[in-house]
Amino acid sequence: MERFAAFQELTPAELRTLGLSREDCARSLRFRDAGGRVHGGAFAVNRFVLAAAPGNWRGALIRIAVAMFYVLPPLLLVEIAAYEAFARNRNRISAWVGMPCARP
């Protein structure tokens, strides 16, 4: 069974057992897959979306959409750049949408 958790919900010891640190998680999204590999940034977003996709036809469409980022490298480069821009400005963006978040 898959488990999704915000890093703030885990103790430093739990993060260490997953091969993560609070600093790494605060810098960019981290996703640890079932095989134990840790993905970061835009790649973590893709892995999360794939893991969370339902098993029905909608999930298949989601998986195809994510695959397109890897099949068409220019899309992946745009996704990486967009993720980095978002990550650098996430506090400002969340305030703009009315959901301010505290800095870690």
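A polar contact here is a pair of N or O atoms within 3.5 Å; within protein, one must be able to donate a hydrogen and the other to accept it, and residues adjacent in sequence count only if both atoms are side-chain atoms. The model on screen is predicted, so local features need pLDDT of at least 70 and side-chain atom pairs count only at pLDDT 80 or more, while totals for chains, interfaces and linings use all residues. Residues are numbered from 1 along each chain as its sequence is written, and side-chain values use heavy atoms, with hydrogens and water left out.

Helices (H or I, at least four residues) and strands (E, at least two) are DSSP runs, numbered from the N terminus.

Next, select residues 57–71, which form helix α4 and reach 20 Å from the first C-alpha to the last, close to the 21 Å expected for 15 residues at 1.5 Å a residue; the expected span is 1.5 Å times one less than the number of residues. At the start of α4, show Asn-56, where a side-chain oxygen comes to within 3.0 Å of the backbone nitrogen of Arg-58.

Now move to Asn-46 in helix α3 (residues 42–52), which counts as buried because its relative accessibility is 4% (buried means under 20% relative accessible area, exposed over 50%, partly exposed in between, with a 1.4 Å probe and protein chains only). The side chain of Asn-46 makes a polar contact of 2.9 Å with that of Tyr-70. Neighbours within four places in sequence aside, Asn-46 is in contact (heavy atoms within 4.5 Å) with Val-66, Tyr-70, Leu-76 and Glu-79.

To see the contact, select Ala-42, Phe-43, Val-45 and Asn-46 of α3 together with Leu-76, Glu-79, Ile-80 and Tyr-83 of α5.

Finish at Phe-4, in the segment before α1 (12–17), which is partly exposed with a relative accessible area of 41%. Leaving aside neighbours within four places in sequence, Phe-4 is in contact with Phe-31, Phe-48, Ala-51 and Ala-52. A distance drawn between the C-alpha atoms of Phe-4 and Arg-32 gives 9.6 Å, although these residues are 28 apart along the chain.
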